[in-house]
Amino acid sequence: MKRSKMYIDGEMRDSNTGSTFEVYNPADGAVVSEVSKAGVKDVRSAVDAASAAFGTWSAIPASRRCSLLRKWHRKIMANRDQLAETMTLEQGKPIAEAKGEISYAASFVRWFSEEGVRAYGETIPAPTTKSRFVTIRQPVGVAALITPWNFPAAMITRKVAPALAAGCTVVIKPSEETPLSALALAELAGEAGIPPGVINVVTPKDPKVFSKVIFDDERVRKVSFTGSIPVGKKLMEMASGQLKKLSLELGGNAPFIVFEDADIDRAVKGLMTAKFRNGGQACIAANRIYLHRDIKFPFVEKLLGEVEKLKCGNGMEPGTNIGPLINHSAVDKVNGLLWDAEDKGAEILAGGSILNKRWVQPTVMDNCSEEMEVFSEEIFGPVAAIYDFSDEGELIKSANRSPAGLAAYFYTRDVNRCWRIAEKLETGMVGINSGFISDASAPFGGVKESGTGREGSSYGLDEYQEIKYMSWGLD
Ligand code: NAD
C-alpha cells in the first residue's frame, strides 16, 4: 500500500506530527493510501515556503510563469491515465469520467497560461492637464486554497492556475477524502520546473488545523474556498479578522426547467448530464426538475428509458456509469431524503434502493413538492426529483425560492422566453438548451448564498490580483 507525503517547498515531506490517516476506496472500503497528517507546524512551514518564494515568482515576467504553466499542462496530459486511476481509487467516479476530469483540470492550466500574459492595466483620462491616471495589476500575495472531494483535480487547477499566472504562490488544502490527486498534481508541477515553494500541499485530517494557521497569518492575503455553504459562512467570519480577500464557490440547488415547446430529446440528454454526471455529486447538478404539464408524460417516459441503461459499479470497471457515493454518511443522507419525500407523497418511478451501503440506484421520483427536503437540500446523489408546473410566473417564484443561486437550466424554442427567463433566474450561471456549462473560458460562480467571486475566464485571474491606481502630478 502506498504512503503519501505532503508537498512542501519542492519536496515530498513527512509530517512533523509523525502521524498518518487513511484514505479509502469508496467502492470497497479498502485503504488506498496512508497520508501524512499535517499539524500546525507543517501548515506554517508551507506558508513560510510560499512566502519565501513569492518575491521571486511574482517578479519574473508573466511570459516565463506562463511557459512553466504550459509545461505543467503537458505533464498532466502525459500522465492522464495514471492521474485518472488515482482519482477513481480515492473518489469512486467511473474511470472515463475521471479521464474527462483530468483533461478539464489541465484545460485551466493551459487557458490561464494564455490569459496570464494579458493582465493589462489601464490609462484613464484625467480631469486636468496636470495629471495622468494609470492602473497596474499586482498579485495579491500568498493564497490559501481549500477544495472539496467531488472534483479532486479540477477544483485544484481552477484555483492554482490563475493564482500562479497572476504571480501568487499557494498553499493548498485538499479534502481529507481525496488528497492523492492534489499531491500527484503538485509533484508534476515540480517536474515541470515550477520552482520550490510556489505550490505547496498540506494534508491535515482536521481542516481546522489549516484554517487556524492561515487566518491568523498576515502573510496569507487571499483565501479561495470551494465547498459547502455552512463551511463557507464560517470561513467568511474568520476572514473578517484580517479582512482577507476571499472567494467562495459554494453549494447550489439548480432548477432544471423544461417548457412545453422544448426539444424533448435534447432536454432529456441535457438532464442525463446535468443530473447523473459524477453520480449527481456536483454543485451544479440539476436538483429540482420542473416539467411543464403538457410534456411531462413523454419526457418522463424517455427519461426512464435512459435511466434504465445506467449501470452502478466500481469505477474501475468498464461500462460503469454510476460510481459509489463518497462515504456512508453521504449514502445515509440521500437515503433520508428519499424516505422524507416518499413519506410526503413522492412516487418512485425508478430506482430508490441503496446497494451494498455504497451506491444509490439511479432514481426518478415524481410528484415532488416544496415541503419535501429534496426541494431545499442539495441532493448530491443520482436522484431526479420531478415537479410540474403550468404557469410561468409561479414557476419562476418557485425556482428562485432557495437561498442558493449557483446554476439553472431551461429548455424552450422561444427566443423571447429565453431572454425573459434567463434574466429572471437568480443564479450566477444559466444553461439555455444546454445541460453542460463548465469551461475554462467561462466565469463559474454563484449569487446569493452560493458564494462570491468567479473562477475560470479572465474574471478568474482578477481574483488573484489587486488593482493599483497611480495618480501622476505633472508640471
Ligand atoms: P465541505 O464544505 O465539507 O468541505 C470542503 C473543504 O473544506 C474540504 O477540504 C474540507 O476539509 C474543508 N473544510 C471543512 N471545514 C473547514 C474548516 N472549518 N476550515 C477549513 N477548511 C474546512 O464540502 P465537501 O463535502 O467537501 O464538498 C461538497 C460541497 O462543495 C457541496 O456543497 C458542493 O456544492 C460544493 N461545491 C461547490 C462548487 C462550486 O464551484 N460552487 C464546486 C464543487 C463543490
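View 1. N356 sits in the loop between strand 16 (354–355) and strand 17 (359–360). Strands are DSSP E runs of at least two residues, and helices are H or I runs of at least four, numbered from the N terminus. Most residues other than glycine have a negative phi. The model is predicted: local features need pLDDT of at least 70, side-chain atom pairs count only at pLDDT 80 or more, and totals for chains, interfaces and linings use all residues. Residues are numbered from 1 along each chain as its sequence is written, and side-chain values use heavy atoms, without hydrogens and water.

**View 2. D9, a partly exposed loop residue.** D9 lies between strand 2 (6–8) and strand 3 (11–13). Its relative accessible area is 34%. D9 is not a glycine, yet has a positive phi of about 55 degrees.

**View 3. Strand 21, largely enclosed.** In strand 21 (residues 407–411), 5 of the 5 residues are buried. A407, Y409 and Y411 cover one side; A408 and F410 the other. In a regular strand, side chains alternate between the two faces of the sheet.

**View 4. The parallel neighbours of strand 21.** Strand 13 (residues 254–258) joins strand 21 through 3 bridges; pairing requires at least two DSSP bridges. F256 has Y409 as its bridge partner. Strand 22 (residues 429–432) pairs with strand 21 over 4 bridges. There, I432 stands opposite F410.

Conventions. Buried < 20%, exposed > 50% of the residue type's maximum accessible area, 1.4 Å probe, protein only.
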